[in-house]
Amino acid sequence: MKYVLIILALLTVLTVGFVGLRGQTSRQPPVMVFNDLVDQPKYKNQGESAFFADGRQMRLPPAGAVAWGRTPDKPDPGNLIDDADYYGLKVIPLPVDAALLQRGQRVFNTYCAVCHGGFGTGNGVATNYGMSAPANYHTDRLRQVTDGYLYQVITEGKGLMGAYGPSIKPPDRWAAVAYVRALQRAGNAKIDDVPQNLRGELEKQP
Amino acid sequence: MHDRRLVTEGIRVSRIFPKNSRQIAAALGLGVVLFGGLITAGVTYYFTPKYTRVGYTPYQPVPYSHRIHAGQLGLDCTYCHTNVFESPHANLPSPNVCMNCHDPAKGNIKGDSPLLAPIRDAFKTGRPVDWVKVHKVPDFAYFNHQIHVNRGVSCVSCHGRVDQMVEVRHEQPLSMSWCLDCHRNPEPNLRPNELVTKLDWDSAKDWKVSPLTQNTDSQEAFARKMVKVSALHPPTNCTTCHR
């Protein structure tokens with residue numbers, strides 16, 4: 001009896017000793033016994049291919065392909081074939097309303113604020129780690145550039161700034177442009193710009 | 001005479017079964033029960049995804065740290081996982097996203113770090129970086145990010161505090177019962193859409209403080225409204241996930 005208990009206790013200790021407890025950090029992938037359906041031999045999102053020279057399963061579109069949601073024959077705003085068609089525009093081709101500005105705020109805080117700062121003064125967190133001088137939006141030159149130019153900067157990048165075209169979809173880029181405009185306006189505002197009923201405490205400040 | 005025979009037979013029987021046979025049988029029975037119990041306990045403990053998957057932390061080709069980028073720098077998850085709100089698959093970023101900050105030509109952050117060499121190579125040659133997949137639902141089951149994150153289920157419910165991880169670690173079992181536990185009772189996991197990528201947000205503490213949620217009474221009331229008014233009913237029939 002005693003021996004049985006001792007052997008069982010030993011076995012338990014040995015098992016736990018060898019294979020550990022739940023939730024322990026492991027570098028080995030989970031063991032699979034019947035793998036056939038679990039890992040089917042098909043192409044998946046962002047998978048690795050042994051067939052194509054560049055190793056990607058997801059292929060780039062062939063030259064001249066028109067992206068989904070863009071039409072070659074209907075060049076209305078939001079439906080242009082090529083980003084470059086937008087660069088010449090003077091104003092945002094979408095209706096600028098509260099919804100667009102709210103979307104713009106979210107896009108800006110996600111993609112731009114790390115470098116340009118929440119208010120666009122060019123002092124985002126990344127500058128503390130050696131990011132070289134992102135632009136301050138509150139300069140006369142940047143107030144005067146067209147909306148299409150801001151769109152171009154986002155799409156292609158400029159100078160030290162990388163391209164954000166691959167990350168942000170065109171309508172969201174316009175939303176960001178609208179929000180940059182709102183920031184510039186706010187940075188240059190007078191007390192008269194604020195509606196009478198919303199002024200509140202503001203007037204007391206010098 | 002009669003009695004003696006009985007006694008001799010009794011002796012013969014006891015030769016086959018030793019005197020302490022009862023104790024032995026009891027010990028054996030107990031042993032089998034104990035052993036069987038331990039085996040069962042071991043199998044339920046070790047042969048389930050809670051043991052086989054949770055804790056999986058593969059080495060990555062680049063020691064990319066979510067704690068620096070998502071935690072310290074405060075980058076939103078969609079800065080890199082751009083499609084998570086629009087697609088079933090949450091994409092990993094292509095090297096040009098990293099190069100926005102780490103490109104030596106732009107004279108930026110740690111442009112010459114040897115740790116970033118695979119990223120610079122990938123950027124130059126167009127060959128993708130060989131990131132190792134951490135979370136994986138078997139191919140016979142269907143999972144969709146878009147539908148979850150747009151309905152107010154935060155990344156933290158399924159991936160843990162990624163913003164505090166130096167290396168991504170598998171935190172949840174991702175088993176079928178785990179999916180169903182939430183599909184049967186999603187309410188505790190719901191929050192407003194804007195807060196889905198705020199992993200440090202805690203509905204118990206922050207609900208009354210955050211300007212986004214102050215106007216609603218409590219997380220429970222908000223969740224009940226989601227279920228009633230926006231008809232949020234995560235399906236539990238088999239064809240939802242096995243299609």
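Mentor: By the rule used here (a side-chain nitrogen of Lys or Arg within 4 Å of a carboxyl oxygen of Asp or Glu), the count over all chains comes to 14 salt bridges. This is a predicted model, in which local features need pLDDT of at least 70 and side-chain atom pairs count only at pLDDT 80 or more, while totals for chains, interfaces and linings use all residues. Residues are numbered from 1 along each chain as its sequence is written, chains are lettered from A and ligands numbered from 1 in the order in which they are written, and side-chain values use heavy atoms, with hydrogens and water left out.

Start with a pair that crosses between chains. The side chains of B:E167 and A:R27 form a salt bridge, with 2.9 Å from N to O. B:E167 sits in the loop between α9 (155–159) and α10 (176–184) of chain B, and A:R27 in the loop between α1 and α2 of chain A. Helices (H or I, at least four residues) and strands (E, at least two) are DSSP runs, numbered from the N terminus. To describe burial, a residue is called buried under 20% relative accessible area, exposed over 50%, and partly exposed in between, using a 1.4 Å probe and protein chains only. B:E167 counts as partly exposed because its relative accessibility is 34%, and A:R27 is put in the partly exposed class by its 28%.

Next, two pairs that each stay within one chain. In one of them, A:D54 is bridged to A:R56, and their closest N and O atoms are 3.6 Å apart. A:D54 is partly exposed at 22% relative accessible area, and A:R56 is partly exposed at 23%. In the other, the side chains of B:K136 and B:D139 meet at 3.0 Å, N to O. B:K136 is partly exposed, with 26%, whereas B:D139 is buried, with 16%. These two residues of chain B also belong to a network of salt bridges that takes in A:D39 and A:K44.

Chain A has five helices and zero strands, so its pattern along the sequence reads α-α-α-α-α. Of its 206 residues, 31% are buried. Contact means heavy atoms within 4.5 Å; among contacts in chain A between residues at least 6 apart in sequence, 43% join residues at least 24 apart. Accessible areas come from the Shrake-Rupley method with a 1.4 Å probe, and for residues only the protein chains shown count as cover. Chain A exposes about 13,500 Å², of which carbon and sulfur atoms supply 61%. One exposed position is A:A133, which is classed that way because its relative accessibility is 69%. A:A133 lies in the loop between α2 (98–116) and α3 (140–144), and its C-alpha atom is 9.6 Å from that of A:M161, 28 residues away along the chain.

A nonpolar patch also involves both chains. Patches are made of residues with over 30% relative accessible area and no salt bridge, joining like charges within 9 Å and nonpolar side chains (Val, Leu, Ile, Met, Phe, Trp, Tyr) within 5 Å. This one covers about 940 Å² and consists of A:Y3, A:I6, A:I7, A:L10, A:L11, B:F35, B:I39, B:V43 and B:F47. Helix α1 (2–19) of chain A and helix α2 (21–46) of chain B each supply at least two of its residues, and α1(A) gives the largest share, five. An α-helix has 3.6 residues a turn, so residues three or four places apart point the same way. B:F35 lies in α2 of chain B and is partly exposed at 39%.

Helix α6 (residues 95–102) is largely enclosed by the rest of the structure, because eight of its eight residues are buried. Their cover includes α4 (66–72), α5 (77–80) and α7 (117–125) of chain B. B:Q219, in helix α12 (residues 219–229), is buried at 8% relative accessibility. A polar atom of the B:Q219 side chain lies 2.7 Å from the backbone oxygen of B:L190. Leaving aside neighbours within four places in sequence, B:Q219 is in contact with B:E187, B:P188, B:N189, B:L190, B:S203 and B:W207.

Key:
Polar contact = N/O pair within 3.5 Å; in protein donor to acceptor, adjacent residues only side chain to side chain.
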